[in-house]
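Colleague: I would like to learn how to read helix packing and cavities in a model. Can we take it step by step?
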Amino acid sequence: MLRSALIIAFIGLILLAAPARAQAPAPFDNSLQRLAEIMGALHYLRGICGANEGQKWRNEIQALIDAESPTGERRARMIASFNRGYRGFQQTYRACTPAADLVIRRYLEEGSKIAREVTARFAN
């Protein structure tokens with residue numbers, strides 16, 4: 001249920017978020033960077049916990065980047081955030097554990113909340 005809510009909120013964010021102008025930081029950049037970090041962590045953790053989602057979370061961040069169309073430093077920060085989320089858990093977890101399952105649940109909740117809040121605050 002939380003995964004579905006995150007996906008729905010994320011799609012709404014993609015469809016409603018206006019691209020930032022010129023390289024000026026958007027007021028929601030910090031939230032998008034956190035969301036990217038969460039997606040990176042989910043990409044790794046869901047893989048070791050047998051979710052059989054393949055490239056789902058990598059595709060989701062790519063869809064967000066495509067929708068937002070950041071260039072230069074903004075784009076680099078989003079990608080770095082995704083990679084930081086992935087590598088942070090890659091260094092810690094080699095197999096699925098109860099703690100990894102807990103992180104997955106919490107990150108799905110947090111990501112869903114971020115997507116809802118950004119959409120509600122910044123959507124037209």
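**Helix packing**

Modeller: This is a predicted model. Two packed helices are described by the angle between their axes and the distance between the axes. Here helix α2 (residues 29–48) packs against helix α3 (residues 56–68) at an angle of about 160°, and their axes are 8 Å apart. Angles over 145 degrees count as roughly antiparallel, so α2 is roughly antiparallel to α3.

Colleague: Which residues of α2 and α3 make the contact?

Modeller: From α2 come Leu 32, Leu 35, Ala 36, Met 39, Leu 42, His 43 and Arg 46. From α3 come Trp 57, Arg 58, Glu 60, Ile 61, Leu 64 and Glu 68. By type, the contact residues are 8 nonpolar, 1 polar and 4 charged.

Colleague: Now the cavities. How many are there of 30 Å³ or more?

Modeller: The count is 1. The largest cavity holds about 30 Å³ of space.

Colleague: Which residues line the largest cavity?

Modeller: Asp 29, Leu 32, Gln 33, Arg 74, Arg 77 and Met 78. Helices α2 and α4 (72–90) each supply at least two residues of this lining. The lining divides into 2 nonpolar, 1 polar and 3 charged residues.

Colleague: Take Arg 84. Where is this residue placed?

Modeller: Arg 84 sits in helix α4.

Colleague: How many residues apart are Arg 84 and Ile 38 in sequence?

Modeller: They are 46 residues apart in sequence, and 9.2 Å apart in space, C-alpha to C-alpha.

Conventions:
Residues are numbered from 1 along each chain as its sequence is written. This is a predicted model: local features need pLDDT of at least 70, side-chain atom pairs count only at pLDDT 80 or more; totals for chains, interfaces and linings use all residues. Side-chain values use heavy atoms; hydrogens and water are left out. Axes are lines fitted to C-alpha atoms, for helices over the stretch in contact, and angles run from 0 to 180 degrees between N-to-C directions. Helices (H or I, at least four residues) and strands (E, at least two) are DSSP runs, numbered from the N terminus. Angles under 35 degrees count as roughly parallel, over 145 as roughly antiparallel, 65 to 115 as roughly perpendicular and the rest as oblique. Contact means heavy atoms within 4.5 Å. Ala, Val, Leu, Ile, Met, Phe, Trp, Tyr, Cys and Pro count as nonpolar, Asp, Glu, Lys and Arg as charged, and the others, Gly among them, as polar. On a 1 Å grid over the protein atoms alone, a cavity is a set of points where a 1.4 Å probe fits but cannot get out, and a pocket is an open set with protein on both sides within 12 Å along at least five of seven lines; lining residues have an atom within 4 Å of a point. Grid points are joined across faces, edges and corners, and a volume is the space filled by probe spheres set on the points.
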